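These notebook entries record what I looked up in the structure shown below.

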Amino acid sequence: MTNKKRFALLVPIIAMLLLAAACSSPETGTAPRTKLKGETVPISIIANLHTPTVPSDRIEKIMEEATGTQLNIQWVPDGSYEERVNAAVATETLPQAVFLKNSASLMQFRGAIRDGQFWEIGPLLDEFPNLARLSDEVLRNTSVDGRIYSLYQERPLSRQGIIYRADWAERLGLSAPSSLDKLYEMLERFTNGDPDGNGRKDTIGLADRSDLVYGAFKTIASYFGVPNGWEEEGGKLKPEFMFPEYVAAMNFVRKLHQEGLVNEDFPVMGKADQQELFIQGKAGVYIGSLSDVVSLHAKLTKNNPDAKLDMHNRVTGPEGERVWSTPGYGAVVLFPKSAIPDDKRLMEVLAFFDKLMEPELANMLNWGIPGEHYELIDGKVVQSPDYERLNKESRPYLSMQVGGPGSIPGFLEAGSTLPVRLKSEKLVKDNESILVHDPTAALDSATFNDIGERLQDIITDATYHYMIGMMTEKEFGAEVERWKKEGGDRIIREFNEALSKQRKAL
Amino acid sequence: MKEATAKTAPAFALKKSKSRAGQIWKDRTLYLMILPGLLFFLIFKYVPMGGLLIAFQDYKPYEGITGSEWVGFAHFERLFQDPEFFMILGNTLILFVMNLVFFFPVPILLALMLNEVRHSFFKRFVQTIVYIPHFMSWVIIVSISFIMLSMDRGMINELLSWMGFEKINFLMSNEWFRPMYVLQIIWREAGWGTIIYLAAMAAIDPQLYEAARMDGAGRMRQIWHITLPSIRSVIIILLILKIGDVLELGFEHIFLLLNAMNREVAEIFDTYVYTAGLKQGQYSFSTAVGFFKSLVGLLLIMGANKLAKKAGEEGVY
């Protein structure tokens, strides 16, 4: 009995000795991932700060405790974030985890990644239960030469859809625009059928703006079967505007413009003015981000309490129901070799991010501390109205999130009593089954990086000129030829080479 | 230490009257006064010029200026070979000439008119009114124009159609872009530009006017023979400075006006740097374009200065 008791005493003592040994010489550990309780792993992170001040360290303390780490977070204001990261790269003072703001920043880092300055993490992800749930599709979009170097923050794949005046549709006896013909009919009737019943012809169908991507055009184009940026045809990638569907989509908008079913100025109109047309009850259809319905609804019903909005996302076109997709990620995290000397440390850093994807922590990063920053009502999050406090304590941690609702089971959703909001969220989710991906999201073309943006202007300008009837189809074709001649041919070649390289790597 | 100072002090005192160092020492307080300005130019204008090196490199932020590869004139070649280079150069120069011809005289005329106003309250009232637009950002000026010129219920187009004319699509046309640009500049800057001229006019000796009146010169004669010649050197200096700014047409202003429909006439170097360079993270190329732009500006200012000197004026240097 006494022996047993003595033994029971010995166990914690030995454990403590072992722990002390492990702490004093972290490099000599034999089993890298079996961490002893109480040991803290130092982790340094550089993250993007969207709020005016650095957050209080309450959530940081909770994170440290929950993950057994000691965090050193460098908060850098959004405006100078990229400069700071570049400076840290140049002076080799990067921390162990580097958040990059978006896909554009990631693209700029491709050179450094190829250079071998960051750890490849793709093959390791399956060893972590939560990181393994990150979507392969999205990870592939973040990859460089087919290899995965980063974790990502989830973004909805497609928010695109049609928002329309349900009260107008009802008055004119129109149903939801579930096909291109019905969409046209709605736009036509909304223009010529006096939908507001004031006896005057003072309305138009569509309110659009000077944005071919997030405005109406790209979404209408995907209804017409236009690829999302690029598509393989006969085993070769081609840009969207070389497909006949692109011309068909342009013809549709051209017809709308000719018949006055869309605001005449749309190629020069800004987003605020476009929304104003809708809010003032001059236009009845808005094609773009479904999430805009919340603010549109609030402002519209203030002007006209009888106005009703509805949404639709599945529009049948010649190739069925489809909608274009974003790459599905926002910020990404990279792991520099300069700060993480070996595999063992890398595994520790990844283990930290794996823990961040556990529901409790993920919800805390996203919503804050329950009971303080939000309340759960019927299992849904209702945020505290104290915006200032949220900004000071919880919202900055949003930029440390990894994954998102699609990869974290138990991720809390925002509760809302607003039916339009619920419906828009439902449709955004529904879009996931009809997505069209951009095959070049993870492909690299030196020419595209150099002059792609510039060349795209040729196509953008030509598309607008064509749609408002200032250009013939032949002239549009000539502009496409110009695009090819001035570098487009090289882009096509390089993307195709990159694609075959990627296929080999995967 | 003490010995050393003791030794140098007399030597210094001996030289004091002759050497340049001694003279500087004598006027040290004056030199101290220009020191902040000197430091400003050194730190914020000259030292950063070292960054121009990246125009000749393939600059990568993570390799820094020291680590990036040298590429010689590759970026300049790319600029000159860009099929749109001459279009952009042409647009920049045309807008500059229009700016010079149509905008530059406006503040002078306005200042002359204000100078003739004898009622001081009215004069100050008008001055304040014409200064105000200067303090509004381009975003506001452009937005107001946009609202007035829009095809959908824009004030000016409504007026045109009410008077029986056809509506004009100002915002989407190539022909209207340049007049619109110049008019907006006049709107925003004409009042502000009068300040220096008014100051110069205030310094004119009133006796000259009295003498002229005695000789029977009317108002117009006085303006022509006294006011204008008196502010001539100010006009010339401002003109030279303006020419030096030849390619500074205002990124913000043009960028706000630029759209897919008028790019052919509205794309200038500044907007080109933005889309072709900065937006794609190409710092070296952007620097090269900026460098080229500055060189053109320098050449023009030197030419203008020379012309001014030939005409018997002082010039800026």
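**Entry 1. Two helices of chain B.** I began with helix 14 of chain B and helix 18 of chain B, which are roughly antiparallel to each other because angles over 145 degrees count as such (under 35 is roughly parallel, 65 to 115 roughly perpendicular, and the rest oblique). I found that the axes of helix 14 (residues 232-244) and helix 18 (residues 283-310) of chain B come within 7 Å and cross at roughly 160°. Axes here are lines fitted to C-alpha atoms, for helices over the stretch in contact, and angles run from 0 to 180 degrees between N-to-C directions. Helices (H or I, at least four residues) and strands (E, at least two) are DSSP runs, numbered from the N terminus.

I noted a right-handed crossing for helix 14 of chain B and helix 18 of chain B. A crossing is right-handed if the near helix is turned clockwise from the far one by less than a right angle, and left-handed if anticlockwise. From helix 14 of chain B, B:Ile236, B:Ile240, B:Ile243 and B:Gly244 take part, and they meet residues of helix 18 of chain B including B:Gly297, B:Leu300 and B:Ala304. Contact is taken as C-beta atoms, placed from the backbone, lying within 7 Å. I sorted the residues of this contact between helix 14 and helix 18 of chain B into seven nonpolar, three polar and no charged. In that sorting, Ala, Val, Leu, Ile, Met, Phe, Trp, Tyr, Cys and Pro count as nonpolar, Asp, Glu, Lys and Arg as charged, and the others, Gly among them, as polar.

**Entry 2. Origin of the model.** The model is predicted: local features need pLDDT of at least 70, side-chain atom pairs count only at pLDDT 80 or more, and totals for chains, interfaces and linings use all residues. Residues are numbered from 1 along each chain as its sequence is written, and chains are lettered from A and ligands numbered from 1 in the order in which they are written.

I looked up the confidence of chain A, whose pLDDT (the predictor's confidence in each residue, from 0 to 100) averages 88, with 92% of the residues at 70 or above. Residues 17-36 of chain A have a pLDDT below 50, and this stretch makes 13 contacts in the model beyond near neighbours in sequence. Where pLDDT is low, the predicted coordinates should not be read in detail.

**Entry 3. Another helix pair in chain B.** Helix 12 (residues 206-214) and helix 13 (residues 219-230) of chain B have axes that come within 10 Å and cross at roughly 135°. Helix 12 of chain B contributes B:Leu208, B:Tyr209 and B:Ala212 to the contact, and helix 13 of chain B contributes B:Arg221, B:Gln222, B:His225 and B:Ile226.

**Entry 4. A helix pair in chain A.** How do the axes of helix 11 and helix 12 of chain A cross? The axes of helix 11 (residues 271-279) and helix 12 (residues 293-303) of chain A cross at roughly 45° and come within 9 Å.

**Entry 5. Sheets of chain A.** I traced an open sheet of five strands in chain A, in the order 2-1-3-14-4, with mixed pairing. Two strands pair if DSSP finds at least two bridges between them. Strand 2 (69-77) and strand 4 (151-154) of chain A are the edge strands, each pairing on one side only. The twist from one strand to the next averages 20°. Strand 3 (residues 97-100) and strand 14 (residues 329-334) of chain A pair in the antiparallel sense over three bridges, and A:Val98 has A:Leu334 as its bridge partner. Helix 13 (residues 343-356) of chain A lies across strands 1, 2, 3, 4 and 14 of chain A, at about 60° to strand 1.

I then found an open sheet of four strands in chain A with the order 6-9-5-10 and mixed pairing. Strand 6 of chain A pairs with strand 9 (residues 283-289) of chain A in the parallel sense over three bridges, with A:Ala283 as the bridge partner of A:Ile204.

**Entry 6. Between the chains.** The contact takes 23 residues from chain A and 20 residues from chain B.

Conventions: Contact = placed C-beta atoms within 7 Å.
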